[in-house]
Amino acid sequence: IRRLEESVVNRIAAGEVIQRPFSAVKELVENSIDAGSTSISVVIKDGGLKLIQVSDNGHGIRFEDLPILCERHTTSKLSSYEDLQTINSLGFRGEALASMTFVAHVTVTTITEGQMHGYRVAYKDGVMEQEPRPCAAVKGTQITVENLFYNMVARRKSFKNPSDDYARIIDVISRYAIQKINVSFSCKKYGDSRVDVHTTSRIDAIRSVYGLGVARELVEITASDNEPSRSIFKMEGFISSANYSAKKTTMVLFINDRLVECTSLKRAIEVVYSAILPKASKPFIYMSISLPPEHVDVNVHPTKREVSLLNQESLVDCIQSAVEAKLMHSNITRTFSTQTIPSKKTVRTDSSNPAGRLHAYLASIRCAVRQRRNPKESADLTSIQMLTDAIDHSGLLDIVKHCTYVGMADDVLALVQHKTRLYLVNVVKLSRELMYQQVLRRFAHFNAVQLSNPASVFELLLIALDEEEQIAQLNVRLLKDKVEMLDEYFSLGIDQQGNLCTLPLVLDQYTPDMDRLPHFLWSLANDVDWDTEKECFESVAAALGNFYALHPPLLPNPNGEGLKFYQTNIDEDLVTEAKTAWDHREWRIQHVLFPSLKLFLNPPNHMANDGTFVQVACLENLYKIFERC
């Protein structure tokens, strides 16, 4: 074992703190904010590798502090470790400037209030290269970082596209511009007269950086909690409404004015949005959260990108509920965009291949709502009345109407509590029965959900039949013969060209998993008894019930047994898509399925014996066991 030379240690540490050019910009901008600046300008050359120049009008650096300015662990932000518990400044370690001097050429020009002139000094490896020289200067500090990573050849070669790094720098400055509305920010490329960031207000910052499409779809959101047993915080911000969607989530998060990331909060909000946005669509989120300083541990990441919060789970739950309530309100008025139907060859037929997922066909839908008549009047045919009357009401009704959802036990079974008893319930069977009964109730009086682009029934059947064209053609002809009945009674619209145009709205605020549409059409063509009225309506309702049921997503569960699949098929996008799909399903089970079960389901007798409901514990018996113990 050898003791490394100090210069080697410092260079290694510098590579960890200053990972990319935008890391240096972020540290310098935070220093300017800590200095009380109201104006911060940034100039960049070659994505920050050739030049980073940050100028501010803050209180400047004292002449006597210049000799130790760029030494490691020299700071004006704290004097003891206990100060970290109440720190409000963005910087505190005294590592950033030191790190820059080990991997770049750093020059500082500064003047403090009351001085007749400023001082300029260059630094290398944490120390001054010469004594500070008097110079003309304007109020504040200007720090110039040149030839970043000049002595780290591999790191420098990895930055192949200066435009990418400049975009990252713009993103960092824009985020601070959104948060710090009392500070004027500007950023431009060296030699350009055009400024890429220049902001004066929060909405202006969002509009100028993320576009008008984001700014006009924002809704204001607030949340707070003042209960010490849970969490103490105050949150304010803007989130995109249900009318906005993008391919990637943009989350601008500040905690106590510190730009950070919080994966658990981001995912919790994405789960809420996934219930109202088309699949693969993502929101815009800006949030500023204020907590007591002693509830935040800022010293958990080398670049201060993450923080640790006291009672984080409670805080996340509270904010998630606020987002959900706001979106439910904004969902009253909603528009949907259309999308071009892709080629048949891009439609996924294998769950292990994420390319060409079927919702590329059906990614966005819009409700073309016809005037709804009273569902109770829908059973105007004798056969439908007979089917409705055949639903036997069992002793399970009280359990369904008064149970409390606890959570998912596995991919299919949920745990619920009724009085002093715990039950495992099969959510697939429950949701299938609920949807079947809803079809009978709304028979001939459905609202229609219109596909933004009609989908070819033939191509969908080809997917279900594994390219058996002759059988698919026969099934298409059969369904086209039944078009009038399917449309009148079930709002299943198929046009003259054989395209599926509408689906029935079986349950409000709920759309089925479109990946299961090919199998549904196959079932409609092959499992329905078209000869007898009662059997026909019953089998169509059963096919719809199975299609609308809450089946597990086709992608394996990355949090369960499916983990092995992703260990052999490493694809971050696939894992993210799977996590979103499974989180979305669990959210809908808790917030859509169980409330609907309590309102609409009449559980038939057979559910008591077919494994749909299984009692797993009785508290009275447990108490007796505890007493014996």
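Biologist: What share of the contacts in the chain with a separation of 6 or more come from residues 24 or more positions apart?
Modeller: The share is 71%. Keep in mind that this is a predicted model.

Biologist: How much of the chain counts as buried?
Modeller: Of its 629 residues, 49% count as buried.

Biologist: And how many helices and strands are there?
Modeller: The chain has 20 helices and 24 strands.

Biologist: Let's take strand β3. Why is it largely enclosed?
Modeller: β3 covers residues 105-111, and five of its seven residues are buried, so the rest of the structure largely encloses it.

Biologist: Which strands does β3 pair with?
Modeller: One is β7, residues 140-146, joined to β3 by seven bridges. Another is β4, residues 118-124, with five bridges. β3 runs antiparallel to β7, and antiparallel to β4 as well.

Biologist: New topic. In what order do the five strands of the open sheet come?
Modeller: The order is β10-β11-β14-β12-β13, with mixed pairing. β10 (218-227) and β13 (258-260) are the edge strands; each has a single partner, so one side of each lacks a neighbour in the sheet. On average, neighbouring strands here are turned by 20° against each other, direction ignored.

Biologist: How do β11 and β14 pair?
Modeller: β11 (residues 231-240) and β14 (residues 284-290) pair in the antiparallel sense, over six bridges. For example, K234 has S290 of β14 as its bridge partner.

Biologist: Now the inside. Which residues touch the most other members of the largest nonpolar core?
Modeller: They are L265, M287, I289, I319, V323, F490 and F594, out of 104 residues in that core. The core draws at least three residues from each of domain 2 (214-330) and domain 3 (354-616).

Biologist: What does I319 touch?
Modeller: Leaving out residues up to four places away in sequence, I319 touches F233, M235, L265, I269, M287 and I289.

Biologist: What other core lies apart from the largest one?
Modeller: There is another core of 59 residues, including I18, L28, V121 and C187.

Biologist: Last one. How much accessible surface does the chain have?
Modeller: About 30,700 Å², and 49% of that belongs to carbon and sulfur atoms.

Key. Residues are numbered from 1 along each chain as its sequence is written. This is a predicted model: local features need pLDDT of at least 70, side-chain atom pairs count only at pLDDT 80 or more; totals for chains, interfaces and linings use all residues. Side-chain values use heavy atoms; hydrogens and water are left out. Two strands pair if DSSP finds at least two bridges between them. Helices (H or I, at least four residues) and strands (E, at least two) are DSSP runs, numbered from the N terminus. Axes are lines fitted to C-alpha atoms, for helices over the stretch in contact, and angles run from 0 to 180 degrees between N-to-C directions. A nonpolar core is a set of buried Ala, Val, Leu, Ile, Met, Phe, Trp, Tyr and Cys residues joined through side-chain atoms within 4.5 Å. Buried means under 20% relative accessible area, exposed over 50%, partly exposed in between (1.4 Å probe, protein chains only). Domain bounds come from an automatic or database domain assignment. Contact means heavy atoms within 4.5 Å. Accessible areas come from the Shrake-Rupley method with a 1.4 Å probe; for residues, only the protein chains shown count as cover.
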